[in-house]
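Hi everyone, and thanks for making time. I'd like to walk you through a structure, so please have the viewer open.

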Amino acid sequence: MRLIIVAGLLGVGKTSVIMRMLDPMIAKGLKVVVIENDFGAMGVDSEVLEKNGMKVRDLKGGCICCTLQAGLVDDLRILQTEYDPDYVIVEPSGIADPEFVVRSVTDVDGIDIEGVFTAIVVDCERFLKVKRMFERPLRNQLKIANLALLNKIDTASPDDLIAIENDLRGFGYDGPTARIRGDTGEGMERFSEALGL
Ligand SMILES: Nc1nc2c(ncn2[C@@H]2O[C@H](COP(=O)(O)OP(=O)(O)OP(=O)(O)O)[C@@H](O)[C@H]2O)c(=O)[nH]1
Ligand SMILES: [Mg+2]
């Protein structure tokens, strides 16, 4: 069982990105489980997922990293024994520190995690406006990122995109970046490649 964490601030496009990732995974016949901290406005997606043979655990009531930490571990244990997925995709709530999520599920008895891949989604429409206010959570997210997804590229100018990439470097991130659109799937092949799909 491999774990993919798709994290990022509120509304950056995490759920959209996860939905896009499912297509290539389903096409390859992989067994995938999505764990959503909160489907919020996109609640209909559970139905869509279930029609596609997916199982969805909607973890409501708080952020995975703190109040639902035990819940996530229990969920993973049950999933592993009863469903044995190839991949579990976790979307922590926008305020969750993904490092806690990673730490809470690795080295746990009864869960065999073969690898953790963390993608951090940033919203190009809002990044330059909110980067100072959210500098600390952004730095925390980028610290453990394997890939930074610059989402909503349709809303930003080419100069803005370069400025955002420079800011990510300025926040200490030295990994790969990909420019994408979560609503259309543009650029998402970079995510698949990074995952080795
Ligand atoms: N213009 C544009 N909008 C996008 C893109 N990707 C996602 N959106 C929109 O951004 C909004 C938020 O997307 P979500 O996928 O719900 O974001 P999220 O990060 O899961 O949100 P929370 O779970 O509430 O934190 C939705 O209205 C999407 O349709 C994109 O590439 N371009
Ligand atoms: Mg979401």
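**A walk through the model**

Let's start with helix α7, residues 158-170: its 13 residues reach 18 Å from the first C-alpha to the last, close to the 18 Å expected at 1.5 Å a residue. Just after α7 comes G172, with a positive phi of about 95°.

Before I go on, please remember that this is a predicted model. The average pLDDT over the chain is 84, and 81% of the residues score at least 70. One stretch to treat with care is residues 39-44, where pLDDT stays under 50. For that stretch the model has 4 contacts beyond four places in sequence.

Now the overall picture. The chain has 8 helices and 7 strands, and of its 197 residues, 35% count as buried. If you take the contacts between residues at least 6 apart in sequence, 76% of them join residues at least 24 apart.

Next, the ligand. Which residues are closest to ligand 1? They are K14, T15, S16, R181 and G182, out of 18 residues that surround ligand 1. By class, that shell has 10 polar, 5 charged and 3 nonpolar residues. Helix α1, residues 14-27, supplies the largest share of the shell, with 3 residues.

Let's stay with α1 for a moment. This helix has 14 residues and spans 21 Å from its first C-alpha to its last, close to the 20 Å expected at 1.5 Å a residue. Its buried residues are K14, T15, S16, V17, I18, R20 and M21. Just after α1, G29 takes a positive phi of about 75°.

On to the interior. In soluble globular proteins, nonpolar side chains tend to be buried together. Here, the largest nonpolar core has 40 residues, and those touching the most other members are V6, I89, I120, V122 and L149. Strand β1, residues 2-7, gives the most to this core, with 5 residues.

Setting aside neighbours within four places in sequence, L149 is in contact with V17, A119, I120, V121, A178, I180 and F191.

Is V90 buried or exposed? V90 counts as buried because it has 28 C-beta neighbours inside 10 Å, and the cut-off for buried is 20 or more.

For contrast, look at K143 in helix α6, residues 135-143. K143 has 15 C-beta neighbours inside 10 Å, so this lysine counts as partly exposed. From K143 to P98, C-alpha to C-alpha, is 9.6 Å in space, although the two are 45 residues apart in sequence.

Last up is K152, in the loop between β6 (147-151) and α7, which takes us back to the helix we began with. What is the phi of K152? Phi is near 65°, a positive value in a residue other than glycine. Most residues other than glycine have a negative phi. K152 is also buried, because 22 other C-beta atoms lie within 10 Å.

That's my tour, and I'm happy to take questions.

Methods. Residues numbered from 1 in each chain as written. Chains lettered and ligands numbered in written order. Predicted model: local features only at pLDDT ≥ 70, side-chain atom pairs only at ≥ 80, totals over all residues. Near = placed C-beta within 6 Å. Helix = DSSP H or I, 4+ residues; strand = E, 2+ residues; numbered from the N terminus. Nonpolar A, V, L, I, M, F, W, Y, C, P; charged D, E, K, R; others polar. Expected span 1.5 Å × (residues − 1). Core = buried A, V, L, I, M, F, W, Y, C linked by C-beta atoms within 7 Å. Buried ≥ 20, exposed ≤ 12 C-beta atoms within 10 Å, placed from the backbone. Contact = placed C-beta atoms within 7 Å. pLDDT = per-residue confidence, 0-100.
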